[in-house]
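Dear colleague,

I am handing over the structure below, together with some notes on what was found in it. Please read the notes with the structure open beside them.

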Amino acid sequence: MKKLLSVLLALALVLGMGAVALADDTFELALVTDIGTIDDKSFNQGAWEGLVQYAEENNISHKYYQPTEKTTDAYLDAIDQAVEGGAKIVVTPGFLFEEPIFMAQDMYPEVNFILIDGEPHSGDYSEYRTNENVAPILYAEQQAGYLAGYAAVKAGCTKLGFMGGMAVPAVIRYGYGFVQGAEDAAKEVGAAEVTLNYHYTGGFDATPEAQALAASWYNDGVEIIFGCGGAVGNSVMAAAEAAEGKYVIGVDVDQSIESETVVTSAMKGLKASVYQTIAAYYAGEFPGGATTVKDASNDGVALPMESNKLEGFTQEDYDALYAKLAAGEITIPDNTTADTADALGTEIVKVTVVD
Amino acid sequence: MSTIYFLFQQMLLFSIPLLIVALGGMFSERSGVVNIALEGIMVMGAFCSIFFINRMQDIMSGNLLLILAILVAAASGMVFSLLHAYAAINMRADQTISGTALNMIAPAVAIYMARTLQANGVQQINFNNTFRIREVPLLSRIPVLGDLLFKNTYITTYLGLAILAVAAFMLYKTRFGLRLRACGEHPQAADSVGVNVYKIRYAGVMISGALAGLGGLVFVVPTSTNFNATVAGYGFLALAVLIFGQWKPLRILFAAFFFGLMKTIAASYSGLPLLKDMPIPSDIYKMVPYIATLIVLAFTSRKSQAPRASGVPYDKGSR
């Protein structure tokens with residue numbers, strides 16, 4: 001029995017290797033997935049859709065590769081596979097690729113990389129370097145947060161909450177933008193006072209503590225909470241579901257499928273930015289060597305208006321606001337503006353920072 | 001008043017899983033087997049039952065589904081705990097090590113299985129929470145008590161309290177309970193009067209497995225919308241509750257409520273009208289449960305009543 005098993009295992013191993021070796025078709029556009037798969041309704045899917053759209057419009061061969069596990073080595077192996085498969089461009093969605101790309105940019109100087117939501121750096125953060133063949137893309141999270149904050153107050157909410165994950169720059173930008181958006185909308189609709197509870201949970205997990213905090217805010221009258229940090233949002237959703245008539249704002253991607261209580265989401269335009277960057281490559285203008293920040297002027301941020309459940313915030317409102325944002329008429333603080341959210345100098349919005 | 005109701009309802013979400021799991025640990029330890037695998041068993045129980053809910057929620061919902069999930073959680077926890085029982089009882093392994101092994105393997109298995117079994121390959125298992133009871137008809141109209149216990153609740157709350165009653169009865173009023181306690185205090189003596197120590201210890205560990213598995217489900221359902229292969233250290237916290245409660249059912253109830261209340265205040269004081277205006281840094285609230293635990297343990301440790309043979313493998317041949 002044991003012998004049979006080991007023979008089978010060996011056979012599987014050999015066949016598995018053979019399958020890789022036999023694949024001599026080449027794929028020009030490649031995507032290496034982050035944790036999760038290609039239909040994760042999050043980063044991978046957004047980036048993949050952008051890639052597929054360009055590939056199909058221009059009839060270019062494309063393929064995705066899934067790392068075996070969530071380690072730098074496994075990511076590098078998958079990148080290696082993609083390169084072996086003839087990739088000219090490798091798209092890597094997610095900040096977990098920062099370190100693998102830092103290494104891969106030297107290993108494969110002839111291959112171009114698009115790194116979404118991160119900049120290549122060494123494992124110990126001691127060295128940041130972006131070679132000519134890497135195009136890192138960051139997002140103006142403060143604009144996405146701004147849209148969400150504006151929408152919430154415009155729709156009539158006066159008691160808001162912000163619950164971020166770790167206080168990393170991206171999360172801080174979301175939060176400050178959220179505060180500013182609420183402030184501007186409050187001035188516009190003439191609200192007397194808007195309160196905003198502001199908190200970082202310190203992690204990206206769904207914890208009972210986060211759920212309890214969100215529940216206590218809702219119980220205290222808070223109407224809508226921006227759950228900004230991975231699974232922290234799930235805790236907020238759980239709390240919102242338990243309370244009546246309470247809402248959640250999702251983050252990064254359209255999270256309305258995860259809970260009925262999600263009325264809108266502060267999204268990053270993954271699909272558009274991947275599409276644009278690939279198009280730039282084929283136009284001979286690959287933006288390698290320097291980080292590109294995507295914002296409203298190039299569809300880098302958005303609210304998913306097709307799943308919007310905020311009554312009182314209409315498509316027209318959104319379009320008008322977005323046009324102003326894209327034209328650069330609105331200045332939004334980013335993570336370097338102030339140390340804490342209550343030091344942003346808002347007049348109508350009263351920010352209470354909760355440690 | 002509504003704040004107090006809120007605080008109490010929220011506290012139950014923390015306390016009931018702690019209570020159930022700590023009672024599970026009690027059965028194991030009083031039979032003489034240390035069970036630090038509670039955390040791992042919680043993860044397995046939560047994984048199996050949440051996965052079950054995920055698969056079945058299209059065809060059924062509400063409390064019928066929850067009851068079935070409870071059975072799945074208890075059964076899977078029991079099966080998983082058999083590994084610990086076999087190592088600790090038959091193989092006479094170091095119980096701390098076999099428990100640690102279970103704690104380490106459980107999240108790994110849960111992640112691996114979730115990614116293999118789910119079509120989208122992600123490790124989070126989503127579920128729709130259709131189990132909340134907004135208010136229990138009639139009972140919720142009882143003044144005070146109705147607001148405390150019969151609004152915004154889950155059947156698991158009542159199940160937890162029922163388990164407490166049954167556990168206390170079983171431990172002190174039945175023949176099985178007497179034998180269980182005997183095996184935890186002096187297994188040789190129990191054996192000399194014809195009690196099968198191995199069987200009793202198996203029963204103890206399996207009950208603890210069933211309760212810990214159930215505790216995993218009870219813990220995850222109200223606090224998230226998906227299961228991400230973790231119970232955030234509540235298995236270990238339940239061990240603290242067990243020791244705090246001195247291996248006695250009623251004291252465990254008190255300990256679980258105390259821990260739950262402190263946890264709730266630490267997490268949610270910013271939404272509580274009275275507390276949020278006080279100039280106390282949040283760190284203090286976060287420390288309170290642990291400081292209180294240290295103090296109470298320091299005072300009770302001298303007459304700590306841990307089962308004497310707990311953690312000692314039983315060897316029929318030894319004197």
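In chain A, helix α3(A) passes helix α4(A) in a right-handed crossing, meaning that the near helix is turned clockwise from the far one by less than a right angle. The model is a predicted one, in which local features need pLDDT of at least 70 and side-chain atom pairs count only at pLDDT 80 or more, while totals for chains, interfaces and linings use all residues. Residues are numbered from 1 along each chain as its sequence is written, chains are lettered from A and ligands numbered from 1 in the order in which they are written, and side-chain values use heavy atoms, with hydrogens and water left out.

The axes of α3 (residues 72-84) and α4 (residues 98-107) of chain A come within 9 Å and cross at roughly 40° (axes are lines fitted to C-alpha atoms over the stretch in contact, with angles from 0 to 180 degrees between N-to-C directions; helices are DSSP runs of H or I, at least four residues, numbered from the N terminus). The two helices are therefore oblique to each other, a class that holds the angles left over when under 35 degrees is roughly parallel, over 145 roughly antiparallel and 65 to 115 roughly perpendicular.

Turning to chain B, B:Phe14 lies in helix α1 (residues 2-30) and is buried, with a relative accessible area of 2% (buried means under 20%, exposed over 50%, partly exposed in between, with a 1.4 Å probe and protein chains only). Between B:Phe14 and B:Thr264 there are 250 residues in sequence but 7.5 Å in space, C-alpha to C-alpha.

Best regards
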